[in-house]
Amino acid sequence: MLTIKAFDKTYPSGVRALREIDLMVNPGMFGLLGPNGAGKTTLMKILATLLEPDSGSAEMNGIELIVDKHGTRKMLGYLPQEFGLYPTLTAEQTLHYFAKLKGVHDKKERAALVDALFDRVNLTDARRQRVGGFSGGMRQRLGIAQALIGQPQLIIVDEPTAGLDPEERIRFHNLLSETAGDDAVVILSTHIVADVSSLCSQMAVIRKGRILTSITPQQAIDQLRHSVWEATVPREQVVALKSRHQVVSSQMFGGLARLRVIAKGVRPSEEFNPATPVLEDYYFDLVNQREPAG
Amino acid sequence: MRNPFRTPFGTIFLNEVRINSKRIAPYFMALLCAGNGLLWWGWGPATGRGLAINSDFVIAGVLPVYSFLTLPLFTALFMADPVSRDFRTGIDPLIFSKPISRAAYVLGKFFGNFFVLACGQAAFVLTWFVLQAFPKAGVTTQNFKVVPYIKHFLVFVVISHLLLAAFYFAVGVLTRNAKIVYGLGVAFYPVYIMYQTVLLSRLPWRWKLALDPFVMNRGNVHDRRVEWMNQLVVVYDTDLIINRVVVILFSAILLTILYQRFTISERPGKAEQLLVLNLTAGAGGFYYDPPIIKPTLGERFVADHSHEKVLLPNVIRTTAGVRAHLRQLFAALAVEFRLLLSERSLVVIMSLASFLSILEVAFYNIPADVSHSAAYATNTAKLLLLFLLGMTVFYMGEAMHREREVRIQPVIWAAPGPNSVLLLSKFLASLSLTLSLMVLVGLTATLIQFLRGHTPVELQAYLITYSVILLPSIVFMTAASLVLNVLLRDKYLAYAVSIGTGVGLVYLYSQGHNHWLYNPVLYNLWTYSDLSGEGSGRILIHRLYCVALAVLFLVVAHLCFQRKSTRGLIVNGRLGGFAWAGLLGLVSLCIAIGTGMFLVGS
């Protein structure tokens with residue numbers, strides 16, 4: 001289990017990226033949801049030993065992540081939000097390099113591991129190509145392959161599906177779900193609610209450097225049972241309805257607008273019909289709430 | 001009248017200048033040219049002969065030689081890939097979908113890059129122009145001059161390189177392969193010398209002049225009196241004007257051919273390999289990205305297990321201990337070498353450095369005080385030092401910031417390798433590169449010595465000179481460059497500081513402020529006799545001082561490296577990296593102080 005206590009981080013520019021972050025993460029896939037600029041990447045970088053928090057601690061399997069950086073790196077698999085590769089090296093040379101850096105020195109073992117990794121990420125046919133010619137999806141899969149080297153117990157993937165086409169995204173989901181089955185803690189940082197909804201057994205929502213909630217997706221949806229309502233109304237009514245009700249989402253099509261609102265147990269008005277709650281409702285309801293004073 | 005910079009041609013021209021202004025190569029070239037100018041000013045052919053360094057005769061005489069000796073390789077480097085770069089980076093459809101003509105595109109690219117090239121070349125004359133204000137003993141100057149610099153630069157340098165640039169550019173555009181142009185650039189000297197000796201030497205003098213793009217066959221008036229030469233006003237005769245017109249005409253023809261043959265269509269190539277790659281096995285069906293309003297209703301994603309899950313084999317990992325760190329270092333070093341080998345500029349820079357370092361021993365008679373080998377080794381070692389400094393600064397900067405630039409840094413920094421592995425791999429790769437240049441120059445010099453009949457070839461002389469003088473200097477410069485890059489954290493700032501410091505120190509040394517304590521490369525402080533005679537002890541102690549300083553720099557770089565490592569002097573019951581670095585730093589500091597005190601005392 002990964003335990004994070006009282007992480008606080010303010011950048012030299014004065015931006016306070018994290019405020020008293022406390023989290024407990026069990027093995028399995030953990031989704032960290034939040035809008036852009038919420039502090040997800042800062043938290044991921046701290047856990048990946050690339051950034052120092054101003055205060056706070058993190059512990060996993062008896063290792064203090066902030067203090068024992070070498071120990072942390074030994075059990076870490078990290079796929080950053082934005083990363084590149086040496087364009088002139090082949091995929092095979094790249095994986096061998098990372099395997100050596102991770103301490104896999106036996107030639108036969110390393111070759112077997114690299115073969116298996118290429119199989120798992122379905123890049124065997126491209127292993128001898130220079131990575132400079134890879135598509136975004138292929139690069140991302142090579143990225144997850146390097147993160148899986150050496151049975152990492154803590155895997156951090158930061159916004160891994162951003163920019164991938166739908167087919168690549170499915171493929172990446174498959175990869176992540178297979179990885180999560182290996183008893184590791186997998187932290188998936190994303191702003192795509194559907195990714196967390198699909199993949200994660202636990203989740204937390206972060207906004208403006210604060211953890212708003214830590215919950216399971218099912219619990220989140222259960223909290224909104226009988227509270228979500230949907231209506232299709234003329235566009236001109238939207239402003240009035242938004243001022244009266246807690247609208248979580250609206251979508252325009254033709255001259256109409258489709259609204260989803262949250263109203264606990266009471267039908268907001270005649271136009272609205274009950275709707276099945278989804279994780280997006282919970283997320284938008286949470287992040288759109290007014291920031292608490294102080 | 002329409003502003004020319006608002007035409008498509010002007011826009012492309014300006015954009016090329018802007019792109020080049022963000023590259024290091026133009027500045028590097030300008031600095032080399034300026035350094036070259038400084039050397040030719042203070043220690044060139046006019047020095048000590050009474051010839052006025054800013055006389056019309058000297059300027060017009062030196063510029064064709066300067067243009068021939070140092071610049072053709074840079075011309076190849078600059079003109080090789082301005083167009084193929086657009087195709088490589090994939091910006092070509094964005095450009096060609098705009099209303100621009102092929103002529104505007106090709107000419108904008110050509111003249112934009114040629115302008116930058118000419119600006120870099122102009123650093124030489126600019127240096128000469130500025131140096132008129134700084135009198136130096138042994139250098140005769142006349143009244144302050146402006147026009148001859150501009151006039152002769154345009155006639156003897158710019159026009160000569162116009163033809164060469166048009167040729168390299170045309171080859172680069174039509175083949176879309178920069179390496180071919182680099183190859184042609186390297187082949188320039190043998191080809192040109194053959195052209196001179198085989199073809200031009202048999203022609204009448206006027207034809208010789210007309211067909212020589214670098215104007216190397218002009219008449220020689222060096223046998224006249226110095227006063228006469230200082231008063232000479234160089235007038236361009238008809239033959240020279242015809243020559244220059246022919247060169248411009250040929251350039252125009254080349255560009256016209258290029259315009260005719262240039263196409264913007266995609267060429268079939270390796271990209272097709274990506275198209276046949278089978279990537280579909282992982283996907284089980286079509287993906288439907290749910291809109292916010294009708295999402296997946298909280299359904300769990302079910303992984304596609306239609307294919308068998310690939311189990312990863314268990315492996316033994318060792319990341320602690322000297323052996324593990326050495327293996328990691330070798331791995332990192334291997335990658336550094338691979339990346340260096342793919343560095344295209346290496347071919348040009350190495351060739352240029354080798355050629356210029358052996359130039360004197362190849363074409364002039366070097367007085368042999370001790371022996372021919374000693375003279376050859378000493379001469380090449382002194383000439384090579386400047387190139388070694390330039391290469392160290394340039395390639396170390398590239399290596400140190402490469403990870404950040406290609407955005408692989410977070411992945412590498414999250415791996416369990418110690419900082420020493422990351423830093424030493426850069427240090428050793430850069431060191432090996434400069435050492436290979438040293439070996440290349442040494443071997444070439446011995447070969448030239450043998451071919452010129454200056455036998456016997458004594459390898460020991462080369463070994464002693466290079467290992468005692470060059471090797472510790474390279475170690476020092478590489479370590480200094482590494483620590484600068486770590487401390488300043490900005491490549492361009494590190495370049496500027498390194499070159500500024502280098503130039504400043506050379507200036508101080510040449511002004512007589514030259515002491516062993518702050519001259520780690522022994523610039524102007526040794527002769528070959530010192531290496532084997534009584535002075536050898538002092539030189540060896542200085543070399544030890546120099547290496548101790550280098551180790552100290554490495555320790556400082558390790559301690560200040562941006563990537564944080566495990567805190568504490570004792571880690572898991574053992575001395576940690578910081579403790580080892582501290583100890584090593586302490587020892588090297590003691591050695592540096594001890595040897596430094598000896599040098600002051602003696």
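Two residues are in contact if their C-beta atoms, placed from the backbone, lie within 7 Å. The exercises below use this idea on a predicted model.

**Exercise 1.** Find which residues B:Leu482 is in contact with, leaving aside its neighbours within four places in sequence.

*Solution.* Once those sequence neighbours are set aside, the contacts of B:Leu482 are B:Met396, B:Met400, B:Leu423, B:Lys426, B:Phe427, B:Phe553, B:Leu554 and B:Ala557.

**Exercise 2.** Decide how α18(B) is oriented relative to α22(B), and say which residues make their contact.

*Solution.* Begin with the geometry: helix α18 (residues 419-451) and helix α22 (residues 536-560) of chain B pack at an angle of about 135°, and their axes are 10 Å apart. Because angles over 145 degrees count as roughly antiparallel and 65 to 115 as roughly perpendicular, α18(B) is therefore oblique to α22(B). The crossing of the two helices is right-handed. Finally, α18(B) contributes B:Asn419, B:Ser420, B:Leu423 and B:Phe427 to the contact, while α22(B) contributes B:Leu554, B:Ala557 and B:His558; by class, four of these residues are nonpolar, three are polar and none is charged.

**Exercise 3.** Describe the side of chain B that touches chain A.

*Solution.* Sorted by class, the side divides into 31 nonpolar, 12 polar and 10 charged residues.

Definitions and conventions
Residues are numbered from 1 along each chain as its sequence is written. Chains are lettered from A and ligands numbered from 1 in the order in which they are written. This is a predicted model: local features need pLDDT of at least 70, side-chain atom pairs count only at pLDDT 80 or more; totals for chains, interfaces and linings use all residues. Ala, Val, Leu, Ile, Met, Phe, Trp, Tyr, Cys and Pro count as nonpolar, Asp, Glu, Lys and Arg as charged, and the others, Gly among them, as polar. Axes are lines fitted to C-alpha atoms, for helices over the stretch in contact, and angles run from 0 to 180 degrees between N-to-C directions. Helices (H or I, at least four residues) and strands (E, at least two) are DSSP runs, numbered from the N terminus. Angles under 35 degrees count as roughly parallel, over 145 as roughly antiparallel, 65 to 115 as roughly perpendicular and the rest as oblique. A crossing is left-handed if the near helix is turned anticlockwise from the far one by less than a right angle, and right-handed if clockwise.
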